[in-house]
2 protein chains.
Amino acid sequence: MDNNTAPTWIAVDWGTSNLRVWAMDDSANILATQSSPLGMNAIASDENLSFEGVLIGLIDDWLPTGELPVPVVICGMAGAKQGWLEAPYCSVPVAPDALAFGAVRPDLSDRRISVSILPGVKQMGDADVMRGEETQLVGFMAQHTDYTGWVCLPGTHSKWARIDAGQITGFRTYMSGEVFALLSHHSILRHSVGDGWDDAAFADAVRAANARPSGFLHTLFTVRAAGLVRNDALVPPGAAVLSGTVIGAEIADVVGMLKPGEEIALVGDGKLAGLYRAALAVHGVEAKTVDGAAITLAGLTQAFGVLSRIAE
Amino acid sequence: MDNNTAPTWIAVDWGTSNLRVWAMDDSANILATQSSPLGMNAIASDENLSFEGVLIGLIDDWLPTGELPVPVVICGMAGAKQGWLEAPYCSVPVAPDALAFGAVRPDLSDRRISVSILPGVKQMGDADVMRGEETQLVGFMAQHTDYTGWVCLPGTHSKWARIDAGQITGFRTYMSGEVFALLSHHSILRHSVGDGWDDAAFADAVRAANARPSGFLHTLFTVRAAGLVRNDALVPPGAAVLSGTVIGAEIADVVGMLKPGEEIALVGDGKLAGLYRAALAVHGVEAKTVDGAAITLAGLTQAFGVLSRIAE
C-alpha cells in the first residue's frame with residue numbers, strides 16, 4: 001500500500017484461531033490485507049498478548065499520524081465473553097442494520113484508531129448462537145437482495161441460517177465437523193478410517209442416513225464392523241462412509257425443513273464444501289456457491305456504512 | 001476353596017479390560033472366583049505377558065496334579081484376532097450349541113488344563129460383531145426359554161440382540177457410550193457438562209431425541225448454546241441433557257423396531273442400566289432386569305455341557 005493512501009477504514013474478521021484485516025478506501029476497494037494465526041484462543045491463553053496490541057501490530061504501517069482516528073470494524077470472536085470486549089448477542093429475527101447498532105467500543109491506548117466490535121446473533125427457543133457468521137449473512141443479503149432460503153456455512157460447527165425478507169429469521173448449528181474429527185481420531189473407528197476414498201460409498205452413506213435418521217449411533221459402528229466381517233476388497237473406505245454418515249445426518253435434517261421454492265447457498269469452494277455439495281446432490285438439491293471472504297467483507301462494509309451514518 | 005475339591009471345570013470371561021474366572025463343580029456350583037485387570041488390551045501391549053501365563057497365575061492353586069486336565073471354557077476377547085487364538089465368528093441366526101461347536105483350542109505348555117475359546121457372533125448384512133455378549137445371550141436363553149424380544153447390554157458399545165425361537169436372530173451395536181464420553185470430555189461440550197443432574201431434563205431430552213431423530217447433531221450444540229443464551233438458573237444440567245440426547249437417540253431407534261408382544265430385558269442394575277431403564281420408561285416400555293454375571297456363567301455352563309457331550 002502506498003504510504004500516501006491511508007485507508008478510509010479497516011475491516012477485521014477475528015476468529016477463534018485466526019485473524020484477517022483489510023485496509024479499505026472510501027469506494028469499497030481493498031488497499032491491502034494482512035492475516036495472522038493470533039485468533040481469540042491464542043490471545044486468551046497468552047498473558048503477553050492483547051487484542052489491541054495484536055491488531056496494531058498488523059495495521060501499524062497503514063495508520064496516518066496526527067489525523068482523525070481510522071475506524072476499525074470487527075466481527076467474530078473479539079466480541080465474545082472471552083474476547084476483547086463482549087458485544088451482547090442480537091436475537092433473531094435480525095435485520096442487517098442491527099449489527100452496527102449493537103456494536104461495542106473498547107477503550108484504547110492508541111489514538112490513531114477507533115474500534116467497533118459487532119455483536120453475534122442468538123436464538124432463544126431452539127437455543128443457538130453465532131459470532132462472525134451473522135456478518136457473512138448480512139454481506140450475503142447485501143449481494144442477494146430478495147433471497148429466500150437457507151445459507152450453509154460448513155465448518156467445525158456448521159451453520160444453516162434461514163434468510164427471509166431481508167432478515168436472518170433463524171438458524172441451526174450442527175456439530176458434524178467436530179463429531180467427525182473426534183470419531184476418526186479418538187474413537188474405535190480410528191482403526192477403520194484410512195486414506196482411501198470412494199464417492200459412491202459417500203453417497204450411499206448419505207442415502208442411508210436419510211433413510212433411517214434414528215440409526216446414526218448404530219451406523220457409526222458398522223464402519224468398524226464391516227472391516228471385521230467382510231473381505232477387505234468388499235469393504236468401502238471407512239473415511240467415505242463415516243463422512244457420508246455424519247454429513248448425511250446433517251443434510252437429512254436440513255432437507256426435511258426445506259419449503260418449496262427455497263434456495264440453498266453454500267459458502268466456500270474447498271474440500272468440505274464439496275462434500276456438502278455432493279450430499280445435497282444425493283437429495284437432488286443444487287446449491288449456489290458463495291465466496292466466504294467476499295461476504296465477510298461485504299458484511300463489514302455494510303456495518304461500516306451504518307456506523308458512519310450513526311456518527312454523522 | 002478346599003484343596004480336596006478340585007474344580008470339575010473352570011469358566012472364564014476374558015474382556016478387553018478385565019478378566020474373571022470361576023471354579024465350578026459338577027453341579028454348576030461356584031467353588032471360588034478370581035478377577036484381574038489383565039484384559040486383552042493389557043496382554044497385547046506387554047510382551048512379558050501371555051494369555052496362558054495370566055490364566056495360570058489366577059487358577060494355579062485350583063489345579064490338581066497328575067490328573068486328567070481340567071477343562072477351561074473361555075468367552076470374550078481371548079478369541080479375537082489380537083487375542084489368545086482367533087475363534088472365527090458364527091453368523092446369525094445362532095443357536096446356543098453353535099458356540100461350543102465353534103470353539104478353538106490353543107496349544108498349551110501347562111498339561112493341567114485344556115482350553116476351549118468360544119467364538120463371537122457376526123452379522124453380515126447390517127454389519128455387526130460381538131464377542132462375549134453372545135455367551136451372555138445363550139445364558140439368558142437358558143434361563144428364559146420361549147423368550148421372544150430384545151436383550152439390551154448397555155456399555156461403551158451397547159448391544160441390542162433379538163431372541164426368537166431359542167436363537168439369536170440379529171443384533172445392533174450402538175456407539176452411544178463412546179460418543180457420550182468423547183463429547184463430554186473432548187468436545188466443546190466439555191465446558192457445559194458438570195456434576196449437576198436433573199431427571200426431568202434427561203427425560204425431556206429423550207423425548208426430543210425421539211420427536212426429531214435427524215436433529216441429533218444440532219441438538220448436541222444446543223447443550224452448549226443454552227448456557228450462552230439463557231440465565232444460568234434456567235439452564236438444565238448439561239450432563240443430563242447430553243446423556244438423554246445420546247441414549248434417547250439409541251432408544252428411539254430400538255423402540256421403532258419393537259413388535260407387539262415383544263419384551264425387553266436389560267442386563268445390569270448399575271447407573272448406566274438405570275439410565276436405559278429411565279429412557280425406556282419415557283416410551284412407556286418396562287424392561288426386565290437381568291444379572292450380567294449370572295448369565296455369563298450360565299452361558300459358559302451351557303457351552304461346557306455341549307463340549308462335554310462332544311468329547312464323550
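**Exercise 1. The interface**

How many residues of chain A are in contact with chain B? Describe the side of chain A that touches chain B.

*Solution.* The model is predicted. Step one is the count: 38 residues of chain A are in contact with 38 residues of chain B. Step two is to find where they sit. β8 (128–130), β11 (167–174), α5 (176–186), α7 (216–229) and α8 (238–255) of chain A each supply at least two residues of this side. The largest share comes from α7(A), with 10 residues. Step three is to sort by type. The side of chain A that touches chain B has 20 nonpolar, 10 polar and eight charged residues.

**Exercise 2. The symmetry**

Which rotation superposes chain A on chain B? Work out why the copies are said to meet through the same surface.

*Solution.* Start with the general idea. Two copies of a chain are related by a rotation about an axis and a shift along it. Here the rotation is 180° and the shift along the axis is 0.0 Å, with an RMSD of 0.0 Å. That is the relation of a two-fold axis. Next, look for the C-alpha of chain A nearest the axis: it belongs to P213(A), 2.8 Å away. Last, compare the two sides. Of the interface residues of chain A, 100% are also interface residues in chain B, so the copies meet through the same surface.

**Exercise 3. A residue in α8**

Is A249(A) buried or exposed? List what it touches.

*Solution.* First, locate the residue: A249(A) is in helix α8 of chain A. Then apply the cut-off, which is 20 or more other C-beta atoms within 10 Å for a buried residue. A249(A) has 29, so it is buried. Now the contacts, leaving out residues up to four places away in sequence. From chain A, A249(A) touches A209(A), P213(A) and F216(A). From chain B, A249(A) touches S214(B), F216(B) and L217(B).

**Exercise 4. A residue in β6**

How far apart are the C-alpha atoms of S116(B) and L307(B)? Decide also whether S116(B) is buried.

*Solution.* S116(B) lies in strand β6 (residues 113–117) of chain B. Along the chain, S116(B) and L307(B) are 191 residues apart, yet 8.5 Å separates their C-alpha atoms. S116(B) has 27 C-beta neighbours inside 10 Å, so it counts as buried. Beyond its neighbours within four places in sequence, its contacts include P71(B), V73(B), R105(B) and L307(B).

**Exercise 5. A helix check**

Then find which residues of α9(B) are buried, and what covers them.

*Solution.* The buried residues are A273(B), L275(B), Y276(B), A279(B), L280(B) and V282(B). Their cover includes β9 (149–153), α6 (199–211), α8 (238–255) and β12 (263–267) of chain B. Just after the helix, G284(B) takes a positive phi of about 75°.

**Exercise 6. The core**

Which residues have the most contacts inside the largest nonpolar core?

*Solution.* The largest nonpolar core has 208 residues. Those with the most contacts inside it are I10(A), V73(A), I10(B) and V73(B). Take V73(A) as a case. Leaving out residues up to four places away in sequence, it touches residues including W9(A), V12(A), L118(A), L300(A) and F304(A).

Terms used. Residues are numbered from 1 along each chain as its sequence is written. Chains are lettered from A and ligands numbered from 1 in the order in which they are written. This is a predicted model: local features need pLDDT of at least 70, side-chain atom pairs count only at pLDDT 80 or more; totals for chains, interfaces and linings use all residues. Two residues are in contact if their C-beta atoms, placed from the backbone, lie within 7 Å. Helices (H or I, at least four residues) and strands (E, at least two) are DSSP runs, numbered from the N terminus. Ala, Val, Leu, Ile, Met, Phe, Trp, Tyr, Cys and Pro count as nonpolar, Asp, Glu, Lys and Arg as charged, and the others, Gly among them, as polar. Copies are superposed by least squares on the C-alpha atoms of residues with pLDDT of at least 70 in both. A nonpolar core is a set of buried Ala, Val, Leu, Ile, Met, Phe, Trp, Tyr and Cys residues joined through C-beta atoms within 7 Å. A residue is buried if 20 or more other C-beta atoms lie within 10 Å of its own, exposed if 12 or fewer, and partly exposed in between; C-beta atoms are placed from the backbone.
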